[in-house]
Amino acid sequence: MTRITPQPGIMDIALYQGGRSHLAGVDDVLKLSSNENPLGAPPAAIAALTEAAAGLHRYPPTDHAALRTAIGAVWGLEPDRLICGVGSDEVLQFVTQAFAGPGDEIIYTEHGFSMYPILASMAGATRVRVPETERVVDVDAILTGVSERTRVVLLANPANPTGTMLPEGELERLADGLPPCVILVIDGAYAEFAPGYDGGIALARERSNVLVTRTFSKIYGLGGLRVGWGYGPRAMVDVMTRVRQPFNLSVVQLAVAEAAVRDTEWRDSCVALNVQQRARLMGALRQLGLSCDESHANFVLARAADAAEADAAEAALNAAGILIRRVAGYGFPEGMRITVGDADQTGRVIAALTRWREGAAA
Ligand SMILES: Cc1ncc(COP(=O)(O)O)c(C=O)c1O
């Protein structure tokens with residue numbers, strides 16, 4: 001070989017595009033482009049951050065025992081079936097890297113989270129994208145897409161950017177229909193925003209091929225901290241742990257995440273706020289003639305008549321200092337994904353869009 005050569009798949013990776021955080025000329029931007037918690041991080045987590053400073057000269061524990069114990073206690077899970085990563089993205093990387101490689105296939109769905117094809121290519125595996133039905137994951141399409149080479153199926157429930165979700169019965173039908181050698185990953189980045197939904201935990205508890213992932217980035221307001229976790233069968237967690245770097249989480253990440261997960265009262269109050277403001281936002285968007293499916297997450301996907309109308313709506317929001325996320329890359333050129341804010345922030349979004357519609361009608 002005469003020159004450096006990347007591994008197969010790497011050059012197929014288009015860099016992940018995060019939500020914008022700046023608007024030229026606006027100091028006080030209302031950022032509703034990355035599904036962050038409008039209330040910020042829990043106070044207990046911020047206190048833990050200060051305390052953790054005293055231990056910065058120490059290497060962190062490699063086993064994450066205290067954090068896994070806390071997660072297990074709060075969610076009723078066996079700590080030895082948990083694995084923690086640098087965001088749930090890293091947990092997704094563990095499973096794809098450890099179980100798929102060149103010649104294998106990873107399935108994800110038409111409007112699935114944009115990290116899924118990236119993760120497939122990072123593993124050197126072949127990407128298999130299957131259709132959805134009316135912006136909802138289609139179990140039959142996934143089952144049809146399974147081949148002898150399929151190793152992993154990645155889906156988020158609730159899904160990003162649609163906000164739609166499969167009922168637990170459909171998840172079970174999917175798990176039943178997959179061959180036992182195919183891993184079903186139920187990405188629960190937004191699971192807490194769907195009260196009553198267990199995030200696929202019951203399925204993961206009883207099956208040998210189901211993994212659930214969760215994050216501290218959304219409901220816990222800790223996107224900047226980068227912590228997530230997975231819950232799966234012991235044998236799968238054992239394999240994934242072998243590709244996890246021993247010191248992947250810092251003393252700060254471990255301490256702050258542990259304090260956050262234990263603050264269940266704060267978490268529940270954030271869920272309640274989201275449910276209330278989400279219903280308000282969806283109602284207002286529909287009244288303003290922007291379609292939206294019922295969202296089960298902390299954002300709403302508003303769909304304009306076409307891309308030009310969405311451009312105009314986005315411009316009106318930007319003029320009011322509000323940033324949202326366009327999702328053309330997900331197959332929705334007419335779409336605007338708007339994070340659900342607090343009452344005041346939601347009011348600002350509704351007011352800006354109302355002024356825009358009134359202006360267009362004048
Ligand atoms: C569906 C889904 N899964 C996973 C993630 C990754 O979250 P994190 O790595 O911050 O835990 C996100 C982030 O936006 C997401 O939307």
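These legends walk through several close-up views of a predicted model.

Local features are described at pLDDT of at least 70 and side-chain atom pairs at pLDDT 80 or more, whereas totals for chains, interfaces and linings use all residues. Residues are numbered from 1 along each chain as its sequence is written, and side-chain values use heavy atoms, with hydrogens and water left out.

**View 1. The shell around the ligand.**
Here you can see the 13 residues that surround the ligand, with Ser-88, Asp-187, Thr-215, Ser-217 and Arg-226 the closest. By class, the shell holds four nonpolar, five polar and four charged residues. In this sorting, Ala, Val, Leu, Ile, Met, Phe, Trp, Tyr, Cys and Pro count as nonpolar, Asp, Glu, Lys and Arg as charged, and the others, Gly among them, as polar. Which helix gives the most to the shell? That is helix H3 (residues 87-99), with three residues. Helices (H or I, at least four residues) and strands (E, at least two) are DSSP runs, numbered from the N terminus.

Zoom in on Asp-187 and you will find one of its polar side-chain atoms 2.5 Å from a nitrogen atom of the ligand. Tyr-190 has a side-chain N or O atom 2.8 Å from an oxygen atom of the ligand. Lys-218 also brings a polar side-chain atom to a ligand oxygen, at 3.0 Å. How much of the ligand does the protein bury? Taken alone the ligand exposes 390 Å², and the protein buries 94% of that. Accessible areas come from the Shrake-Rupley method with a 1.4 Å probe; for residues, only the protein chains shown count as cover.

**View 2. Helix H2 and its packing partners.**
Helix H2 covers residues 65-75, and its buried residues are Leu-67, Arg-68, Ala-70, Ile-71 and Gly-72. Buried means under 20% relative accessible area, exposed over 50%, and partly exposed in between (1.4 Å probe, protein chains only). The buried residues of H2 pack against strand E2 (82-85), strand E10 (228-231) and helix H9 (251-262). Contact here means heavy atoms within 4.5 Å. Just after H2, look for Gly-76, which takes a positive phi of about 70°.

The largest nonpolar core has 58 residues, and Leu-67, Leu-184 and Phe-216 touch the most other members. Helix H9 gives the most to this core, with seven residues. Apart from it lies another core, of 28 residues, including Val-91, Met-115, Ala-125 and Val-327. Such a core is a set of buried Ala, Val, Leu, Ile, Met, Phe, Trp, Tyr and Cys residues joined through side-chain atoms within 4.5 Å. Beyond its neighbours within four places in sequence, Leu-184 is in contact with residues including Val-153, Leu-155, Leu-171 and Leu-211.

**View 3. Asn-37 in its loop.**
Asn-37 sits in the loop between strand E1 (30-31) and helix H1 (43-52). Is Asn-37 buried or exposed? It counts as buried because its relative accessibility is 11%. A polar atom of the Asn-37 side chain lies 2.8 Å from the backbone nitrogen of Leu-39, and the side chain of Asn-37 also reaches the backbone oxygen of Ile-219 at 2.8 Å. Leaving aside neighbours within four places in sequence, the contacts of Asn-37 include Lys-218, Tyr-220, Trp-266 and Cys-270.

Ser-269 lies in helix H10 (residues 264-287) and is partly exposed, with a relative accessible area of 38%. Gln-277 is in helix H10 too, but Gln-277 is buried, with a relative accessible area of 5%. The side chains of Gln-277 and Gln-276 make a polar contact at 3.3 Å. A polar contact is a pair of N or O atoms within 3.5 Å; within protein, one must be able to donate a hydrogen and the other to accept it, and residues adjacent in sequence count only if both atoms are side-chain atoms. Leaving aside neighbours within four places in sequence, Gln-277 is in contact with Val-340, Gly-341, Asp-342, Ala-343 and Thr-346.

**View 4. Ile-322 in strand E12.**
Ile-322 lies in strand E12 (residues 322-323) and, at 0% relative accessibility, counts as buried. Among its contacts beyond four places in sequence are Leu-23, Leu-30, Arg-348 and Ala-352.

Terms used. Near = heavy atom within 4 Å.
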